[in-house]
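Welcome, and please take a moment to look over the chain before reading on. The briefing below goes with it, topic by topic.

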Amino acid sequence: MINYLKLSLLIVISFFVTSCQQEEDLANLEKQNGLEQLSEKDFACVYSFVDNNWGPNAFRNNFIINQSHTNFIYAHNRRIASVFGISTVPLSFIHDNSGTTFNALSFGSGRIDFGEDIYRQAFAKGAIAPVAILAHEIGHQLQFRDNSIPTRRESTARAMELEADGYAGYYVRRPNGYNATWTQAGPAFAFAFDIGDFNTSSRGHHGTPRQRRSATRLGWYLGAYDLTPKSFDSNFFYYYNQYVLPGNLKLAKKKRTVKEAEMDAFIESKLDELVKLNTGELSADDFINLD
Ligand SMILES: [Zn+2]
């Protein structure tokens with residue numbers, strides 16, 4: 001992504017040690033936040049040079065802005081994992097005084113780094129925005145943990161990215177997730193998914209803003225149903241393939257369960273809107289103002 005490319009220009013291979021005077025505070029925070037799964041390597045304070053994804057002065061810990069923000073985002077980190085039926089994903093924050101942490105990264109090794117800059121700018125658009133970003137990154141963890149998803153395979157990362165947007169839409173709607181209304185969620189999604197992707201892996205295309213809005217909205221609609229990650233995947237692409245890439249549609253007419261037939265009726269009643277989001281007939285502003 002663009003931000004990542006910018007960041008990569010700033011990389012200096014260096015290492016220096018910062019003070020660890022806050023280590024005890026952070027350890028207490030970690031206990032409060034139930035982050036026992038963090039490895040020692042991930043633990044608090046310790047390093048200045050994080051990795052090549054961040055500037056040379058960046059450092060990682062488990063704290064963002066203040067206790068209230070920290071509790072808020074870690075609570076959602078646990079809840080997102082719970083909604084998707086996986087163990088809590090180790091989450092750290094990356095800080096840097098030079099304003100170079102506008103990114104959030106999900107690693108195949110099973111953890112997430114969330115930059116302070118993107119967190120702050122997202123939160124300014126509403127509390128849902130950083131949660132939507134986190135849910136997108138955890139969506140990638142679902143993909144990493146189950147090699148069979150996404151079931152749609154493309155030569156770029158697009159299908160993975162759009163599905164991650166869909167998982168975020170799903171979580172933000174779920175009654176046991178964020179339980180938001182679209183009025184609350186629309187501006188947050190517009191911020192989170194119009195500014196590009198938040199993935200370091202540079203695997204190419206992540207979908208156009210129109211496709212991302214449409215994918216997020218489809219995930220939101222699927223949030224009306226209680227789905228496993230696998231079932232979400234199969235239904236997400238069942239619909240997505242129908243309206244996003246009709247020319248490439250190779251889908252056999254799937255046998256639908258009774259529950260899915262009910263879902264089909266619901267989603268098909270929304271198909272016109274999803275298509276218009278995807279074609280741009282419904283604009284970014286229209287997206288925010290949906291109900
Ligand atoms: Zn992503």
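Here is a short tour, from the whole chain down to single residues.

This is a predicted model, in which local features need pLDDT of at least 70 and side-chain atom pairs count only at pLDDT 80 or more, while totals for chains, interfaces and linings use all residues. Residues are numbered from 1 along each chain as its sequence is written, and side-chain values use heavy atoms, with hydrogens and water left out.

**The chain as a whole**

- The chain holds 12 helices and four strands; these are DSSP runs numbered from the N terminus, helices being H or I with at least four residues and strands E with at least two.
- Of its 291 residues, 56% count as buried. Buried means under 20% relative accessible area, exposed means over 50%, and partly exposed is in between, using a 1.4 Å probe and protein chains only.
- Among contacts in the chain with a separation of 6 or more, 69% join residues 24 or more positions apart. A contact means heavy atoms within 4.5 Å.

- His136 and His140 both sit in helix 5 (residues 128-145), four residues apart, or about one turn of the helix. An α-helix has 3.6 residues a turn, so residues three or four places apart point the same way.
- His136 is buried, at a relative accessible area of 0%, and His140 is also buried at 0%.

**Helix 6 with helix 7**

- Helix 6 (residues 158-173) packs with helix 7 (residues 182-194) at an angle of about 160°, their axes 12 Å apart. Axes are lines fitted to C-alpha atoms, for helices over the stretch in contact, and angles run from 0 to 180 degrees between N-to-C directions.
- Helix 6 and helix 7 are therefore roughly antiparallel. Angles under 35 degrees count as roughly parallel, over 145 as roughly antiparallel, 65 to 115 as roughly perpendicular and the rest as oblique.
- On the helix 6 side, Asp165, Ala168, Gly169 and Val172 meet Ala185, Phe189 and Phe193 of helix 7. By class, the residues of this contact are five nonpolar, one polar and one charged.
- Here Ala, Val, Leu, Ile, Met, Phe, Trp, Tyr, Cys and Pro count as nonpolar, Asp, Glu, Lys and Arg as charged, and the others, Gly among them, as polar.
- The buried residues of helix 7 include Trp182, Gly186 and Phe191, and what covers the buried residues of this helix includes helix 4 (116-123), helix 5, helix 6, helix 8 (209-222) and helix 12 (284-288).

**A closer look at Val172**

- Val172 belongs to helix 6 and counts as buried at 0% relative accessibility.
- Val172 and Ile128 are 44 residues apart in sequence, and their C-alpha atoms are 7.7 Å apart in space.
- Leaving aside neighbours within four places in sequence, the contacts of Val172 include Ile128, Ala132, Tyr178, Asn179 and Trp220.

**Two other helix pairs**

- Helix 8 and helix 11 (residues 271-279) pack at about 155° with axes 7 Å apart, and they are therefore roughly antiparallel. This contact has four nonpolar, four polar and four charged residues.
- Helix 3 (residues 67-84) and helix 5 pack at about 40° with axes 10 Å apart, and are therefore oblique to each other. Their contact divides into 10 nonpolar, two polar and no charged residues.

**Backbone details to look for**

- Most residues other than glycine have a negative phi, and most peptide bonds are trans.
- Where is Pro150? This residue is in the loop between helix 5 and helix 6, and the peptide bond from Ile149 to Pro150 is cis, with omega near 0°.
- Ile65 has a positive phi of about 65° although it is not a glycine. Ile65 lies in the loop between strand 1 (59-61) and helix 3, and is partly exposed at 30% relative accessible area.
- Asn179 has a positive phi near 60°. Its place is the loop between helix 6 and helix 7, and Asn179 is partly exposed at 49%.
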